[in-house]
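Subject: Structure handover

Hello,

Here is the structure for you to look through. Please open it before reading my notes.

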Amino acid sequence: MKLLVPVLFIIIGISSFVTIGTTSKKDSEAIVWKDTLMADREKYLKAYKDSIRGKENVAADSVFKNIKVLKGKSAEQVLSIMNSWGHALGVTCKFCHDLNNFASEKPRHFNQTREMFDMTNRLNREILASLKTFRQPVVMGCISCHNEMKEPPHDGPKVQGNGARPRPGN
Ligand code: HEC
Ligand code: HEC
């Protein structure tokens, strides 16, 4: 009986350690893409994944029609980036794309995204990389500012009842 208590403690200790280890791994995998719009994005991703079968690792600009900022990525990487942009802004593919023509530059957010992509790269390569009192690399992604929002919160001029700044209609 005297031995049983410490033995029980050890068993409980080991088993809780094992469960903590496995759940946190699963959670961190789930956190990356899990949002309520994932199912909608997955619909389009699946169609594209099917259409590029066998060409997953081919350079994206020879598989797709209008690749500029993502030159150098594979077709599969481009699709994964699309999902991550959607996740970062809390949107579906429709926010940036004409769903009948994904290569179209007409949707306003399409070219805006290219500018944001270049801006983020410059931020990382030029500004954050030059911070001297931080342990490098210091990096930011779309999610750092957007945090699942179309527009990051700001303290800029507040206009009209809903607090939104005037801008061309979305
Ligand atoms: C935040 C805006 C944004 C979101 C959200 C987004 N895309 Fe894109 N997508 C772009 C931009 C910008 C490009 C062009 C990339 C470049 O210039 O290299 C692009 C390119 C593409 C292309 C290549 C089109 C071609 O023929 O050249 C495909 C396919 C694509 N996206 C699919 C998707 C799918 C599927 C989703 C949803 C899961 C999605 N995108 C979500 C902005 C977005
Ligand atoms: C340093 C912060 C920051 C980062 C990083 C960032 N953005 Fe933005 N983004 C903003 C701000 C601020 C705005 C609002 C600009 C405005 O209209 O005043 C914005 C606006 C946008 C818009 C237009 C949204 C709308 O409703 O009009 C898109 C699309 C966008 N960002 C995509 C991206 C993508 C994709 C990435 C990653 C490649 C990214 N952003 C990275 C700060 C950021």
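Below are my notes on the metal sites, a helix, a pocket and some backbone details.

This is a predicted model, in which local features need pLDDT of at least 70, side-chain atom pairs count only at pLDDT 80 or more, and totals for chains, interfaces and linings use all residues. Residues are numbered from 1 along each chain as its sequence is written, chains are lettered from A and ligands numbered from 1 in the order in which they are written, and side-chain values use heavy atoms, with hydrogens and water left out.

**Iron of ligand 1**

Start with the iron atom of ligand 1. Its protein donors are M82 (SD) and H97 (NE2), at 2.0 to 2.2 Å. Donors here are N, O and S atoms within 2.8 Å of the metal (3.2 Å for Na, K and Ca); water is not among the atoms, so sites may look incomplete. The 6 donor atoms of this site make angles of 87 to 178°, and the site is octahedral. The rule is as follows: six donors count as octahedral, and four as square planar, if opposite donors are over 155 degrees apart and all others between 65 and 115; four count as tetrahedral if all angles lie between 85 and 135 degrees; anything else is irregular. For reference, ideal angles for six octahedral donors are 90 or 180 degrees.

M82 sits in helix 4 and H97 in the loop between helix 4 and helix 5, so the pair ties together parts 15 residues apart in sequence. Helices are DSSP runs (H or I, at least four residues), numbered from the N terminus. M82 is partly exposed, at 25% relative accessibility. H97 is buried, at 14%. Buried means under 20% relative accessible area, exposed over 50%, and partly exposed in between (1.4 Å probe, protein chains only). M82 and C96 are 14 residues apart along the chain, and their C-alpha atoms are separated by 9.9 Å.

**Iron of ligand 2**

Which residues coordinate the iron atom of ligand 2? They are M116, through SD, and H146, through NE2, at 2.0 to 2.2 Å. The 6 donor atoms around this iron subtend angles of 86 to 179°, which makes the arrangement octahedral. M116 lies in helix 5 and H146 in helix 6, so the pair ties together parts that are 30 residues apart in sequence. M116 is partly exposed, with 43% relative accessibility. H146 is buried, with a relative accessible area of 10%.

**Helix 4**

Helix 4 has 15 residues, which should span 21 Å at 1.5 Å a residue; its end C-alpha atoms are 22 Å apart, which agrees. The expected span is 1.5 Å times one less than the number of residues. Buried residues in helix 4 include A75, V78, L79, W85 and L89. G90 follows the helix, with a positive phi near 65°.

K73 is partly exposed, at 33% relative accessible area. K73 and A59 are 14 residues apart in sequence and 6.0 Å apart in space, C-alpha to C-alpha.

**Second largest pocket**

The volume is about 160 Å³. A pocket is an open set of points on a 1 Å grid over the protein atoms alone, where a 1.4 Å probe fits, with protein on both sides within 12 Å along at least five of seven lines; lining residues have an atom within 4 Å of a point. Grid points are joined across faces, edges and corners, and a volume is the space filled by probe spheres set on the points.

Which helix supplies the largest share of the lining of this pocket? Helix 4 does, with 5 residues. Helix 4 (75–89), helix 5 (108–127) and helix 6 (142–146) each supply at least two. Among the lining residues are W85, H87, M116, F117 and C142. C142 lies in helix 6 and is partly exposed, at 26% relative accessibility.

**Backbone details**

Look at the Q136–P137 peptide bond, which is cis, with omega about 0°. P137 is in the loop between helix 5 and helix 6. After helix 6 comes a segment with N147 and E148. Phi is positive in both: near 45° for N147 and near 70° for E148. Most residues other than glycine have a negative phi, and most peptide bonds are trans.

Best wishes
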